[in-house]
Amino acid sequence: MKILLLEDDLILNEILEEHLTNQKLQVITTFTSNEAIKYLYSEIFDLLILDVNVPDLNGFELLKELRKNNILTPAIFVTSLNMVEDMQKGFDSGCDDYIKKPFELKELDIRINNIKRLFNIDRQIIKIDEKSYLDLQNLEIILNNERFLISRKESEILAYLLNNSKKTISIEEFINNIWSYEDSVESSTIRTYIKNLRKILGEDKILNIRGVGYRFNK
């Protein structure tokens, strides 16, 4: 699991980095919003842990910008702002959880594990339907006990569709969330990956919403 940590308190930043690393999590630490943005638009993360009162953009505004640009990575605010109104601002900006300082590290672990469960993070097998599964480790779709080898990008696209099955995903959103910022990706490439997935799963499993994008049909 890859985490971006934004915390401008040097001591707390170090404590959280050490704790998360000891949990065998990969952590990129930042101290300002501008520093965080450089990573967020060039790398893919599984979770964001964000303080609010940080230099440059505050955490609320940063997350609003990310959501506006279709970066939907799960986010937890860790902040000393403890009024109900502050929590409301956090969720309105697009966060998935909100922790008030001071907190125990065990609480953070519990919240992270809940995010993992909700977003299928670190799970190697994702259920597609009653007859099929996505094996992320072996890059296979298991359908009626038959295994079909797929590429890594095809597995990432399918996993993203499954984890966001309640919405239609645009080509731009696939690019922003699956490819690195510096990668040059043609829309035709993504269409080819989806065409390959449809050959295995069936045309009706991945719907093409004309002019909008793709939606997984449960």
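Student: What should I know before I start reading residue numbers?
Tutor: Residues are numbered from 1 along each chain as its sequence is written, and side-chain values use heavy atoms, with hydrogens and water left out. Because the model is predicted, local features need pLDDT of at least 70 and side-chain atom pairs count only at pLDDT 80 or more, while totals for chains, interfaces and linings use all residues.

Student: How many helices and strands are there?
Tutor: The protein has 8 helices and 11 strands, where helices (H or I, at least four residues) and strands (E, at least two) are DSSP runs numbered from the N terminus.

Student: And how much of the protein is buried?
Tutor: Of its 218 residues, 47% count as buried, meaning under 20% relative accessible area with a 1.4 Å probe and protein chains only.

Student: What span does the C-alpha trace have?
Tutor: Along the principal axes of the protein, the trace spans about 50 × 35 × 30 Å.

Student: Changing topic, how much space lies in the largest pocket?
Tutor: About 870 Å³, a volume being the space filled by probe spheres set on grid points joined across faces, edges and corners. A pocket here is an open set of points on a 1 Å grid over the protein atoms alone, where a 1.4 Å probe fits, with protein on both sides within 12 Å along at least five of seven lines; lining residues have an atom within 4 Å of a point.

Student: Which residues are closest to its centre?
Tutor: Of the 29 residues lining the largest pocket, those closest to its centre are I44, F45, D46, A159 and N163.

Student: Which element gives the largest share of that lining?
Tutor: That is α6, with 6 residues, and both α6 (152-163) and α7 (171-178) give two or more.

Note on methods: Buried means under 20% relative accessible area, exposed over 50%, partly exposed in between (1.4 Å probe, protein chains only).
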